[in-house]
Amino acid sequence: MCGIVGYTGKREAYPVILKGLKRLEYRGYDSAGVALLNNGLKVYKKKGKVAELEDSVVGKDLHAFTGIGHTRWATHGEPSDRNAHPHSSASGNIAMIHNGIIENYTSIKQELINKGYTFTSDTDTEVLLNFIEDIKKNNESSLEEALRIALKRVVGAYCILLIDKDDPETIIAARKGSPLVIGIGKGEHFLASDATPIVEYTKEVVYVNDYEIAIVKPDQLILKNLGNEKQTPFIQKLDIELAKIEKGGYDHFMLKEIYEQPETIHDCLRGRLNSAAGTITMGGVESNLQALTDANRIVMVACGTSWHAGLIAEYIFEELCRIPVEVEYASEFRYRNPVINKGDVIIAISQSGETADTLVALENAKEKGAFIFGVVNAVGSSIARMSNAGAYTHAGPEIGVASTKAFTGQLAVLTMMALKIGYAKGTIDERRYMQLLRELDEIPEKVKQLLQNTSNIEKIANKYKDAEDFLYLGRGYNFPVALEGALKLKEISYIHAEGYPAAEMKHGPIALVDENLPVVFVATKDSYYEKIVSNVQEIKARRGKVIAVASEGDKVIPGMADDVMYVPDADEILAPLLSVIPLQLLSYYVGIAKGIDVDKPRNLAKSVTVE
Ligand code: AGP
């Protein structure tokens with residue numbers, strides 16, 4: 001899950017590549033580097049963030065019209081200058097950058113060592129590069145041909161860009177599993193892991209498919225498969241605005257994206273939800289309504305925050321559609337050899353649409369005949385393209401590593417799907433259906449209200465920022481919200497936090513409770529309310545510090561809690577769209593109070609494109 005950028009054209013390549021790397025830095029920030037073609041090959045690379053690379057090349061010769069750049073999330077070999085990309089081949093003539101993992105690199109490395117090769121890094125990438133150069137040398141073939149031969153031996157995921165000092169205007173690229181987008185300009189081409197580095201130069205892009213090789217020159221883009229057959233590039237128009245990928249005056253993308261939610265939830269509902277007419281229009285659902293209403297079972301497959309959205313959707317789909325739902329961690333579902341029967345529907349949930357665990361789980365399920373419905377944010381992403389049908393969450397580019405607006409977008413889409421399928425099946429009565437449509441329409445406004453005054457949440461964050469552990473508790477629809485709150489705090493503040501169904505406490509975890517442990521209760525007014533009140537009393541009885549997310553107007557929970565974050569009242573099915581937001585902000589403010597770079601927390605990356 002590194003960031004890859006390439007440019008060939010008439011502009012100075014270095015500034016284009018550097019800016020692109022900064023846009024992709026949320027994909028990995030362990031080291032960064034560039035390779036430029038100008039009277040030979042110049043490679044500059046540095047451990048740390050892109051800014052450290054930028055400082056390290058001041059005064060260096062950076063003039064070139066063709067180059068490649070990389071920002072790294074370390075897999076093979078710790079973050080360091082020598083493990084940073086680009087890597088140079090043994091001859092020094094070829095440079096390569098790579099996003100992915102070459103699983104059989106040790107056997108290839110041994111073959112090369114037996115031939116006398118030595119390696120300057122611990123990476124699988126340098127092994128693949130020298131393997132390609134070895135084939136080129138021994139077969140007296142072109143770099144493109146050598147790459148094709150080498151890739152037939154490779155096991156794993158890759159997006160790679162190569163440049164050769166003997167071919168000064170050409171970039172050769174290949175992908176399998178890791179994303180690659182090529183931007184088409186006039187007399188220039190841009191290559192990147194996603195569209196964010198490209199959108200300010202051109203809206204015309206090609207999403208490269210698995211097992212494709214691209215030969216890119218300023219005036220030429222050729223796509224071929226591994227069989228050396230030409231493929232016709234499918235040019236698509238980007239619908240991203242530059243402003244969407246800028247901070248827009250906010251200190252961090254995470255805060256901007258939290259505050260964008262009234263708009264992004266509205267964008268997700270717009271053109272789909274018509275509460276006055278009592279209709280929900282979703283093309284992907286309509287054209288597959290039979291498969292969805294007749295589903296014997298729905299299996300939600302996802303990772304991280306998207307998995308939490310799946311858990312909430314389990315409650316919603318079972319309540320409104322009366323269809324049995326299972327929620328699977330994609331990585332476990334992939335290797336568990338799950339039972340998939342005809343009539344099963346897989347709902348794949350992913351912000352990036354590129355998460356390798358989810359992708360490979362879907363490929364496996366698809367081979368077994370499952371119908372795949374994708375709920376994805378990134379337009380044109382791999383999961384979107386491999387799904388049989390789907391619905392975009394329209395949250396716009398999400399740059400902050402901690403997912404926020406994409407999560408509420410996923411909840412909005414999954415709720416509309418359940419309402420539409422339940423109504424078609426007749427498992428929801430007319431009055432309830434219309435009431436939920438009306439209330440869903442009011443959510444963006446309620447989020448706006450909620451975000452109008454968050455100073456209380458900032459105060460609570462500063463009060464508990466030095467805690468070593470947190471517990472997050474909820475029941476029913478709010479249980480997965482508690483899990484999401486705990487994940488956000490872990491990601492952004494590095495404080496250990498666990499989410500639990502509140503009633504589960506008595507079966508062990510309550511032993512952790514004392515006056516030093518903050519316990520966050522997601523305790524909005526719902527059908528579990530009476531039960532959660534007693535759970536709060538159990539924690540208070542052990543002098544635990546209770547921070548509660550409570551419904552406006554509630555007098556009971558606030559009377560018991562040490563600190564309260566209020567949310568507008570809403571039907572329990574829709575409440576997670578509101579109750580998660582104070583938890584997003586709590587983690588943000590704790591992270592800020594601890595001086596953490598909340599947009600790029602340590603050891604994480606936005607899109608996990610390796611298994
Ligand atoms: C959430 O804040 C994390 N960034 C992470 O858990 C994320 O949700 C997970 O990697 C899944 O990503 P996806 O939605 O892009 O598939």
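Glycine 422 has its place in helix H14, which spans residues 405-425, where helices (H or I, at least four residues) and strands (E, at least two) are DSSP runs numbered from the N terminus. The model described here is a predicted one, in which local features need pLDDT of at least 70 and side-chain atom pairs count only at pLDDT 80 or more, whereas totals for chains, interfaces and linings use all residues. Residues are numbered from 1 along each chain as its sequence is written, and side-chain values use heavy atoms, with hydrogens and water left out.

With a relative accessible area of 0%, glycine 422 is buried; in this classification buried means under 20% relative accessible area, exposed over 50%, and partly exposed in between, with a 1.4 Å probe and protein chains only. The C-alpha atom of glycine 422 is separated by 5.3 Å from that of leucine 320, although the two residues are 102 residues apart along the chain. Lysine 425 also lies in helix H14, but this residue is partly exposed, its relative accessible area being 32%. Between the C-alpha atoms of lysine 425 and arginine 272 the separation is 19 Å in space, and these two residues are 153 residues apart in sequence.

Two residues of helix H15, which comprises residues 430-452, were examined in the same way; one of them is glutamine 449. Glutamine 449 counts as partly exposed at 37% relative accessibility, and its C-alpha atom is 8.0 Å from that of proline 568, a residue 119 positions away in sequence. Lysine 448, which likewise lies in helix H15, counts as partly exposed at 41% relative accessibility.

The ligand is surrounded by 14 residues, of which Ser306, Ser350, Gln351, Ser352 and Thr355 are the closest; a residue is taken as near a molecule if one of its heavy atoms lies within 4 Å of it. A polar side-chain atom of serine 306 lies 2.5 Å from an oxygen atom of the ligand, while for serine 350 the distance from a side-chain N or O atom to a ligand oxygen is 2.6 Å, and for serine 352 the corresponding distance is 2.7 Å. Taken alone, the ligand exposes 410 Å², and 90% of that area is buried by the protein, the accessible areas coming from the Shrake-Rupley method with a 1.4 Å probe and, for residues, with only the protein chains shown counting as cover.

Helix H10 (304-321) and helix H17 (478-493) each supply at least two residues of the shell around the ligand, and the largest share, three residues, comes from H10. By residue class, the shell divides into four nonpolar, eight polar and two charged residues, where Ala, Val, Leu, Ile, Met, Phe, Trp, Tyr, Cys and Pro count as nonpolar, Asp, Glu, Lys and Arg as charged, and the others, Gly among them, as polar.

Attention then turns to backbone geometry. Most residues other than glycine have a negative phi, and most peptide bonds are trans. A cis peptide bond, with omega of about 5 degrees, joins histidine 85 and proline 86. Histidine 85 lies in the loop between strand E4 (66-72) and strand E5 (87-88), and proline 86 is found in the loop between E4 and E5 as well. At 3% relative accessibility histidine 85 counts as buried, and its side chain makes a polar contact of 3.4 Å with the side chain of histidine 70; a polar contact is a pair of N or O atoms within 3.5 Å, and within protein one must be able to donate a hydrogen and the other to accept it, while residues adjacent in sequence count only if both atoms are side-chain atoms.

Asparagine 337, although not a glycine, has a positive phi of about 50 degrees. This asparagine is found in the loop between helix H11 (330-335) and strand E20 (344-350), and at 58% relative accessibility asparagine 337 counts as exposed. Histidine 394 is not a glycine either, and has a positive phi of about 50 degrees. The place of histidine 394 is in the loop between strand E22 (389-392) and H14, where this residue, at 37% relative accessibility, counts as partly exposed.
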